[in-house]
Amino acid sequence: MTDYAQEQEMEIEALEAILMDEFKEIHSGESGLSTSNRCFQIKITAQEEDEDGSSTNPAQLALIFAHTENYPDEPPLLNVSSLRGIGSEDLRILKDKLQQEASENLGMAMIYTLVNSAKEWLTERFTEDSDGDAEAEEAAKEDIVIPHGEPVTVETFLAWRERFEAELALERAKLMPESVLATPKEKKLSGRQWFESGRMKGAAIVTEELDEDDVEDIDFDDDEDFEADDEDDMLEHYLAEKSDSSTHSSLRAS
C-alpha cells in the first residue's frame, strides 16, 4: 500500500468515527463522478433552532467524494446533490466553492474541512431565507387592521354629520362680534329695557296693576335668563333647518 493509499484509508476511518450515520460508502454509479474508485457520501443538514430549543432541518444535501490516486497532493473528486429543498443553482455555487477550497488545502486531509464549510454555507443560506420569511409574515400580521367600535351605517353617519355641522356653526358664531349676531331690525334689549319699553301688548297694563312691592321683587338686571339658552336655541334652530332641507330634497327626488 502506497503512502497515499494509507493516508486515504486513515482519513476514511476518521470520518466514519466522527460522522457516524451521516457517512456511508456508495456505488460509483450513484455518485455522479467519472471514476471507478471507492465513493462516499456525507449527509449535511442546515440546522436551525426554534424558540423552544428544538431543531428544524430546512435544507439537506449530500456531499459526494472520491479520492484520486495522488490525494491529498491533488484535489479529490467532488459532487453535491440535494436531499431536500436545494435548487440546482445553489448546488452549482456550492460545488464551485468547495472545489476552490480544495485547491487551497492541497497537501493535507481536507474532506472534514470541506464538510464544515458546506454546512456553514448551507446554514447561512437557508436560515437567512427562513428569517426573512418569518419577518415578512410578522410584518403582514402587523399591517392587518382590526376594526373596533360599532359599524357605520348611512343613518348613523348622517346623524353624526348634522350634529358636527351644527356644533361647527355654533363655534363659528361664538367667534363673531355681537353686532353681527344682533337682529337687523332692532338691537337686542336687556330684561329691564324690554319690560320698560312696553313692546308686549298689555305690558303697560300689567305694570300698572302690579303694586310697588311686586315690581321691586322683579330682577330686571338679570339678563342670564335671556342669554343662557342662546347656544341651545341656535343649535336646535340649525338642526330644524337641516331637517326641513332634507325633507324637501326627499320630496323633490320622489
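## Nonpolar surface patch

Tryptophan 160 belongs to helix α5, which spans residues 154–175. In this predicted model, Trp160 contributes to a nonpolar surface patch of about 690 Å².

## Backbone features in loops

The loop between β3 (55–66) and β4 (77–84) contains proline 72. The peptide bond that leads from tyrosine 71 into proline 72 is cis, with omega near 15°.

Methionine 20 lies in the loop between α1 (3–19) and β1 (23–26). Although methionine 20 is not a glycine, its phi is positive, at about 55°. Methionine 20 is classed as exposed because its relative accessibility is 58%, and the exposed class begins over 50%.

## Salt bridges

Seven salt bridges occur in the structure. In one of them, arginine 38 pairs with glutamate 9, with the closest N and O atoms 3.4 Å apart. Arginine 38 is in the loop between α2 (28–31) and β2 (39–49), whereas glutamate 9 is in helix α1, so the contact ties together parts separated by 29 residues in sequence. Arginine 38 is partly exposed at 40% relative accessible area, and glutamate 9 is partly exposed at 28%.

Helix α3 (residues 88–104) holds both glutamate 89 and arginine 92, three residues apart, or about one turn of the helix. These two residues form a salt bridge with the closest N and O atoms at 2.6 Å. Arginine 92 also meets aspartate 96 in a salt bridge, at 3.1 Å from N to O; this pair is four residues apart in helix α3, again about one helical turn. Elsewhere, salt bridges with shared partners join Glu9, Glu25 and Arg38 into one network.

Conventions
Residues numbered from 1 in each chain as written. Predicted model: local features only at pLDDT ≥ 70, side-chain atom pairs only at ≥ 80, totals over all residues. Heavy atoms only, no water. Patch = residues over 30% accessible without salt bridge, like charges linked within 9 Å, V, L, I, M, F, W, Y side chains within 5 Å. Areas by Shrake-Rupley, 256 points an atom, 1.4 Å probe, with all protein chains shown as cover. Salt bridge = Lys/Arg side-chain N within 4 Å of Asp/Glu carboxyl O. Helix = DSSP H or I, 4+ residues; strand = E, 2+ residues; numbered from the N terminus. Buried < 20%, exposed > 50% of the residue type's maximum accessible area, 1.4 Å probe, protein only.
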